[in-house]
Amino acid sequence: MRASFVFSEVLTGLRRNVTMTVAMILTTMISLALLGLGLLVVRMVDNTQDVYEDEVDVNVYLTNDISANDPECAQDPCAGLRAQLESDPAVEVVSFENRQQAYDRFQQIFEAQPELLKLVRPESLPASFNVQLKDPSRADVITQTYSGSVGVDSIVDESEFLERLFNVFNGVRDVTFAVALVQAVAALLLISNTVQVSAFTRRTEVNIMRLVGATRWYTQLPFLLEAVVAGLIGAILAIGLLVAFKAWFFDSVLSGVFSTGVISPVSGLDILLVSPWLLLTSIGISATTGYVTLRLYVRQ
Amino acid sequence: MIRLEHVSKVYKTSTRPALQDVSVGVDKGEFVFLIGASGSGKSTFLRLLLREEVPSRGRVYVANFDVARMARRRVPRLRQSIGCVFQDFRLLNNKTVHENVAFALEVIGKPRNTIRKVVPEVLELVGLEGKSARMPHELSGGEQQRVAIARAFVNRPLMLLADEPTGNLDPDTSQDIMLLLERINRTGTTVLMATHDHSIVDSMRRRVVELDLGQVVRDDSRGVYGVGR
């Protein structure tokens, strides 16, 4: 097999069908960029989940009666509740926060919003137990056990809020994957079409090759490589698109969200880790499509 | 060199067989005309030898290949031992004379220095020395057919199949092409030529196999075109 021969055939082929080639590259690029975006969202959710894994607490809010009359949690039912929580095998640490402490913390958090601070007085905030669990995924056990106990007003599981947040992310991921899939079908058909057109425009050459006894590799490898080269260019452009999108969307539009530390940001490393998959997917799909097309439409 | 044993070919789209119980043998170094009206089965005959088609019944042997039953991946080897020439030349219009001939060797992976050596040799054999840099459209029909013959012969095949090679040429040019095919035949290459051209068949006095409606109706060792009709 003479590499220079095959290489020059590939270049000629790509040049000859330049509009089809560009269409093929662009569709592949969009499809892969969406796939990459979906993968980035997956990584973002994973990273965020890791961050929160150890920090998801359950807050047990106490009734107004306790909040008002037992700031040290020295009497029952507050003291009894604390003892019960502390001896619970699922619980790691329990800390009590009385009404005044809650108010101080509230003031700290909303320092920047004095109107809000004016509205809230210590009396509107309940005392609470902050419960850290040995296994954060078992928060519902605490909710079930202590809901309705004397002195308990309500129980808030922080992981429920996170779950809702992750549901939004996962929805975004599913939509990008779905659109990526539709685009991938379009890309697939375009690749198949381009290979057919390419084989058709060069049917004289291919016929001569067959007649003089060129092997299947010689006659068909140029077409296959054409598809793979276009796919590869599409993948590289898709990675470029992801880098640009990260700079524009994640780094500037979402920078506020990331800086609060609620969601872990998308880093260059994430893109680096996603890129090989995009390249491999692209090569795999274009080579397979090209091969199948040649088998079906070009006779040996 | 060529042996067909009770070969029949039926195309899916046709009710009448293209070839029906055809048995023909051709020895090494023979020159054979294959004649018959359009639709008599000449093209199918040639296509079977190249394994462009597989017979519906019967066996086809070319050189040492059992053509109908050989594995698909060995087909290129069969075709490398057969040279082909057509009525419409089938040259690549964007390549020079030299490149057209070299193409046949490049695509079967011949080394570059071999190509550099043998292409000028074969161009000289067909009488095109000095025209290797021309493009096909700069040549006359006869010259284009010479390029095609050079391309078919450059890999020194055991056998040359010619399908109406003079169909597009005037009588004088046709005569020149026949002389060239004869010269190639004298090198020991078997030549099988399908044709309609009475005068050529009559003047050459070579073996004639006539097909009619897919059957061999005549096989004369030194025949003419129109005898007995």
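The model is a prediction, in which local features need pLDDT of at least 70 and side-chain atom pairs count only at pLDDT 80 or more, while totals for chains, interfaces and linings use all residues. Residues are numbered from 1 along each chain as its sequence is written, chains are lettered from A and ligands numbered from 1 in the order in which they are written, and side-chain values use heavy atoms, with hydrogens and water left out.

Chain A contains 12 helices and 4 strands, where helices (H or I, at least four residues) and strands (E, at least two) are DSSP runs numbered from the N terminus. The C-alpha trace of chain A spans about 100 × 40 × 25 Å along its principal axes. Its radius of gyration is 31 Å, whereas a compact globule of 300 residues would have a value near 19 Å; the radius is taken over C-alpha atoms, and the globule rule is 2.2 Å times the number of residues to the power 0.38. Of the 300 residues of chain A, 43% count as buried, that is, they have under 20% relative accessible area, with exposed meaning over 50% and partly exposed in between (1.4 Å probe, protein chains only). Contacts, defined by heavy atoms within 4.5 Å, join residues at least 24 apart in 83% of the cases in chain A where the partners are at least 6 apart in sequence. The accessible surface of chain A is about 15,700 Å², of which carbon and sulfur atoms supply 63%; areas come from the Shrake-Rupley method with a 1.4 Å probe, and for residues only the protein chains shown count as cover.

Chain B has 7 helices and 10 strands, and its C-alpha trace spans about 50 × 40 × 35 Å along the principal axes. In chain B 54% of the 229 residues count as buried, and the accessible surface comes to about 10,400 Å², with 45% belonging to carbon and sulfur atoms.

A search of the whole structure finds 2 cavities of 30 Å³ or more. On a 1 Å grid over the protein atoms alone, a cavity is a set of points where a 1.4 Å probe fits but cannot get out, and lining residues have an atom within 4 Å of a point; grid points are joined across faces, edges and corners, and a volume is the space filled by probe spheres set on the points. The largest cavity has a volume of about 170 Å³ and is lined by 17 residues, of which Leu211(A), Val212(A), Cys84(B), Arg151(B) and Ala152(B) lie nearest its centre. Strand 6 of chain B gives the most to this lining, with 4 residues.

The second largest cavity holds about 40 Å³ of space, and its lining includes Glu9(A), Arg202(A), Tyr218(A) and Phe223(A). Helix 10 of chain A gives the most to the lining of this second cavity, with 4 residues. Gln220(A) also has its place in helix 10 of chain A and counts as buried, because its relative accessibility is 8%. Beyond its neighbours within four places in sequence, Gln220(A) is in contact with Leu294(A) and Val298(A).

Methods:
1 Å grid on protein atoms, 1.4 Å probe; cavity = no way out; pocket = protein on both sides within 12 Å on 5 of 7 lines; lining within 4 Å.
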